[in-house]
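Student: I've got this model open. Can we go through a helix and a sheet together?
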Amino acid sequence: MAEIFFKSMNRRSFIQTGLAAFGTLVTLNSGCGTVLTKSDEKQTNLALLADTHIPQDVENNYRGFYPYRNLEKVVPEIISASPDEVFIAGDLARLTGESGDYANLKKLLSPVAEKTPVFMGLGNHDNRENFLKVFNEIPGEKPAVKGKHITIIEKTPVRLIMLDSLLYTNKVPGLLGKAQRQWLENYLKESDETPTILCFHHTLSDGDGDLLDVPRLFRMIAPIRKVKAIVYGHSHVYGYSEFEGIHLINLPAVGYNFSDSDAVGWVQARLTNRGGDFVLHAVAGNKDRDGGVTKLAWRKG
Ligand SMILES: [Zn+2]
């Protein structure tokens, strides 16, 4: 499920935020040989989060991590990065998607949501009804796919589509389902050639706890060249891979890791119509890769 959370941002500030992303000279590559983008190249700056696992009890902890405190630490970092949008790829709540979990999430995100739209997808530890009770002021039209909620964010120079992979609350696997896949296929065929990024919660392997319709999704999107990347969470492991030139970007968790070797934190992305650079902001766990930049070029259209 994907939803948007605005607090008090008005249209004027939205436009100003959007325009601020254009026309600036930025460093796109901090590796060997710095490349500067053209001064008139359009870009968008995003904050990408996953697996916040916010509990009702702020003292709730797992493996020595306190998810509430981690997000509390991340929020000022996001604000100082001034993103155009914030995305959270599901598992917003601790385990079973309680109303108190979402109330805390809303409270923690409020300073960000006052400045920047926050888009949220639901994962296997979320509960739709409880989520909607707390995040009940949701503007905008969404495509009608029964039982699934989708958000399309048309943001020059890229389009983001938040899909819904929640199948059962507090059970591991996920599913887009036939109706959502068919909607997506039609939408992708009818939309213009803007580079498109898909975002949802579940991982893309062939295990019983992954997205169960990955092969069908991959078969559908492989020939649709405007699909450039998939952003997802679920594993609590930060990593990059590829399928048919489509970048698969697995976000780290904000709440906690499952292994000491993994970072806990979020990713800042600066995207153009040619690709993007992705910077890890590690706040806990393994911080060895903190500040590391991953530069990706989109596959050719
Ligand atoms: Zn999770």
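Student: Which residues on the other side of H5 are exposed?
Tutor: Lys-178, Lys-189 and Glu-190 are exposed there. Exposed means over 50% relative accessible area, buried under 20%, partly exposed in between (1.4 Å probe, protein chains only). Note that this is a predicted model: local features need pLDDT of at least 70, side-chain atom pairs count only at pLDDT 80 or more, and totals for chains, interfaces and linings use all residues. Residues are numbered from 1 along each chain as its sequence is written, and side-chain values use heavy atoms, with hydrogens and water left out.
Student: And which residues of H5 are buried?
Tutor: Gln-180, Arg-181, Trp-183, Leu-184, Tyr-187 and Leu-188. They cover an arc of only 160° around the axis, so they sit on the same side of H5. The arc is taken from the directions from the helix axis to the C-beta atoms. Helices (H or I, at least four residues) and strands (E, at least two) are DSSP runs, numbered from the N terminus.
Student: New topic. What order do the six strands of the open sheet take?
Tutor: E7-E8-E9-E10-E12-E11, with mixed pairing. Two strands pair if DSSP finds at least two bridges between them.
Student: Which strands stand at the edges?
Tutor: E7 (151-155) and E11 (239-243). Each has a single partner strand, so one side of each lacks a neighbour in the sheet.
Student: In what sense do E9 and E10 pair?
Tutor: Parallel, over four bridges. Leu-198 stands opposite Ile-230 in E10.
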